[in-house]
Amino acid sequence: ALATENPEAVAARYSKDAILLPTVSDEPRTSKEGITDYFVNFLKNKPQGVITDGVTLSGPGWAEDAGVYEFTMGADGSKVLA
């Protein structure tokens with residue numbers, strides 16, 4: 001979804017009750033509007049992410065993915081661990 005550079009497309013990947021602890025912000029996002037707002041600015045950095053440690057849980061009709069990501073910002077080459 002990050003490759004789309006579309007904040008709405010990225011935010012659509014989150015469940016309605018998601019809590020986003022953002023990579024480059026100290027403000028937790030707890031609503032679809034807040035998550036979309038975060039990605040408006042984050043995507044300007046052209047991030048590419050790699051999951052360095054993760055867990056996926058699933059059940060009938062649902063899946064949950066959590067983990068640690070390393071983002072390389074295409075805009076300047078900096079790296080951020082989240």
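How far does the backbone oxygen of G34 lie from a polar atom of the side chain of R29? The distance is 3.4 Å. This is a predicted model, in which local features need pLDDT of at least 70 and side-chain atom pairs count only at pLDDT 80 or more, while totals for chains, interfaces and linings use all residues. Residues are numbered from 1 along each chain as its sequence is written, and side-chain values use heavy atoms, with hydrogens and water left out.

- R29 sits in the loop between α1 (7-11) and α2; helices (H or I, at least four residues) and strands (E, at least two) are DSSP runs, numbered from the N terminus.
- R29 has a relative accessible area of 9% and is therefore buried. Buried means under 20% relative accessible area, exposed means over 50%, and partly exposed is in between (1.4 Å probe, protein chains only).
- The side chains of R29 and S25 are joined by a polar contact of 3.1 Å. A polar contact is a pair of N or O atoms within 3.5 Å; within protein, one must be able to donate a hydrogen and the other to accept it, and residues adjacent in sequence count only if both atoms are side-chain atoms.
- Leaving aside neighbours within four places in sequence, R29 is in contact (heavy atoms within 4.5 Å) with A18, I19, L20, P22, G34, I35, D37 and Y38.

**T36 in helix α2**

- T36 belongs to helix α2, which covers residues 32-42.
- T36 counts as buried because its relative accessibility is 17%.
- Apart from neighbours within four places in sequence, T36 is in contact with P7, E8 and A11.

**Aromatic rings**

- Rings of Phe, Tyr and Trp (its six-membered ring) pair if their centres lie within 6.5 Å; planes under 30 degrees apart count as stacked, over 60 as edge-to-face and the rest as tilted. By this rule there are six aromatic pairs.
- The F39 and F42 rings have centres 5.9 Å apart and planes at 75°, so this pair is edge-to-face.
- F39 and F42 are three residues apart in helix α2, so about one helical turn separates them.
- F39 is buried at a relative accessible area of 5%, and F42 is buried at 2% relative accessibility.
- F42 also pairs with F71: the ring centres are 5.4 Å apart and the planes stand at 85°, so the pair is edge-to-face.
- That pair links distant parts of the chain, with F42 in helix α2 and F71 in strand β2 (residues 62-73), 29 residues apart.
- F71 is buried too, with a relative accessible area of 9%.
- Ring pairs link Y14, Y38, F39, F42, Y69 and F71 into a cluster.

**Backbone angles**

- Most residues other than glycine have a negative phi.
- E5, which is not a glycine, has a positive phi of about 55°. E5 is placed in the segment before α1 and is partly exposed, at 43% relative accessibility.
- K46 is not a glycine either, and has a positive phi of about 55°. K46 is placed in the loop between α2 and β1 and is partly exposed, at 40% relative accessibility.

**Surface patch**

- V55, L57 and W62 form a nonpolar patch on the surface, and together they have about 300 Å² of accessible area. Accessible areas come from the Shrake-Rupley method with a 1.4 Å probe; for residues, only the protein chains shown count as cover.
- Patches are made of residues with over 30% relative accessible area and no salt bridge: like charges are joined within 9 Å, and nonpolar side chains (Val, Leu, Ile, Met, Phe, Trp, Tyr) within 5 Å. A salt bridge is a side-chain nitrogen of Lys or Arg within 4 Å of a carboxyl oxygen of Asp or Glu.
- V55 is part of strand β1, which covers residues 47-59.
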